[in-house]
Amino acid sequence: MVNQDKKDNRGGKREGAGRPKGTSKLYAFRADKEVSAFIDEQENKTEFIRDCIFKELQVRQSFDADDRLSKWGEMIPANRIKSQTIPFFDVKIVAGFPIPLNNDELAQDIDLIKMICPNPDASYLIRVQGNSMIEANVHDGDILVVDKSNRNPSEKQIAVCELNGEYTVKYVIQKENSSWLVPANPNFPEIEITDGDSFSVWGVVTYILHKPN
C-alpha cells in the first residue's frame with residue numbers, strides 16, 4: 001500500500017531549488033558586415049559590447065545633467081562623430097607667390113576629429129548663440145570644440161561657464177581678489193562672480209569652427 005503522505009510530497013517545484021532569479025537578461029542582435037568584423041576582432045566580445053553600452057549610458061547621463069547647456073546651444077559629444085580622413089599638405093603657405101598643391105605625394109591622410117579633439121572622450125561640439133565673444137573671433141552660429149576635462153582656464157582661454165543655472169562663453173579673469181566673466185565685445189558688461197553665486201567652469205574651448213566671411 002502506498003503511503004499517501006509520501007506521494008503528496010513528490011513532484012512540483014521545491015522551495016529554493018533551481019537557478020536563483022536575477023535582474024540580468026540575455027540579448028541577441030544582428031550586425032552588418034562592417035560591425036560584425038569589428039566585433040570579431042575583439043578578444044572578449046561580451047566585455048567589449050558591455051563597455052560600449054556603458055560609455056553610451058555615461059554620455060546620456062552627461063546629456064541629462066547638462067540639459068540646460070543643450071538648451072543654450074546644440075551639443076554633440078566628439079566621440080559620437082564618425083571619423084573622417086582628409087588629405088593634409090604639411091607645407092607653409094604665404095601670402096605671396098602661389099605654391100602648387102596638386103601633387104598627391106605631398107599629402108598625407110589625417111583624422112580631422114582627432115586633429116581638433118585630442119581628448120575626444122571629454123570633448124563636445126557646441127553651437128554658439130550670441131555675439132558676446134565676437135572680438136575673440138567667436139560669432140553667432142560658430143561651432144566650439146570644448147574640452148570638459150579642463151576646468152582651469154587661463155585668462156587667455158575661452159571658457160564655457162555656468163553661472164546661477166545659466167551657461168555662457170567668456171574669459172575668466174581675476175581682478176582685485178575677485179573672479180570676473182569678461183566678454184570680448186564692448187557692448188556686453190563684465191560680470192563679477194560673488195560669494196553668493198553658483199559658478200563653475202564647464203570646459204575650455206580648444207577650437208573654433210566657422211565659415212570664412
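Asn 177 is found in the loop between strand 7 and strand 8 (178-182) of this predicted model, strands being DSSP runs of E with at least two residues, numbered from the N terminus. Its phi is near 65 degrees, a positive value in a residue other than glycine. With a relative accessible area of 85%, Asn 177 is exposed; exposed denotes over 50% relative accessible area, buried under 20%, and partly exposed the range in between (1.4 Å probe, protein chains only). Residues are numbered from 1 along each chain as its sequence is written, and side-chain values use heavy atoms, without hydrogens and water. Because the model is predicted, local features need pLDDT of at least 70 and side-chain atom pairs count only at pLDDT 80 or more, whereas totals for chains, interfaces and linings use all residues.

The hairpin of strand 7 and strand 8 has two residues between the strands, and Glu 176 takes a positive phi near 55 degrees there. The two strands run antiparallel and are joined by five bridges, pairing being assigned where DSSP finds at least two bridges between two strands. Within this arrangement, Tyr 171 stands opposite Val 182 in strand 8.

Strand 7 also pairs with strand 6, again in antiparallel orientation, through six bridges. Cys 161 is placed opposite Thr 168 in strand 7. Strand 7 is mostly covered, with seven of its ten residues buried.

The largest nonpolar core comprises 18 residues, of which Met 133, Leu 144, Val 146, Ile 158, Val 160, Tyr 171 and Trp 202 touch the most other members. A nonpolar core is here a set of buried Ala, Val, Leu, Ile, Met, Phe, Trp, Tyr and Cys residues joined through side-chain atoms within 4.5 Å. At least two residues of this core come from each of strand 4 (123-127), strand 5 (143-147), strand 6 (158-163), strand 7 (166-175) and strand 10 (199-209). The greatest contribution, four residues, is that of strand 7. Another core, of seven residues, lies apart from it and includes Leu 163, Val 172, Leu 181 and Ile 193. In soluble globular proteins, nonpolar side chains tend to be buried together.

A further positive phi, of about 70 degrees, occurs at Asn 137, which is not a glycine. Asn 137 is located in the loop between strand 4 and strand 5 and, at 42% relative accessibility, counts as partly exposed.
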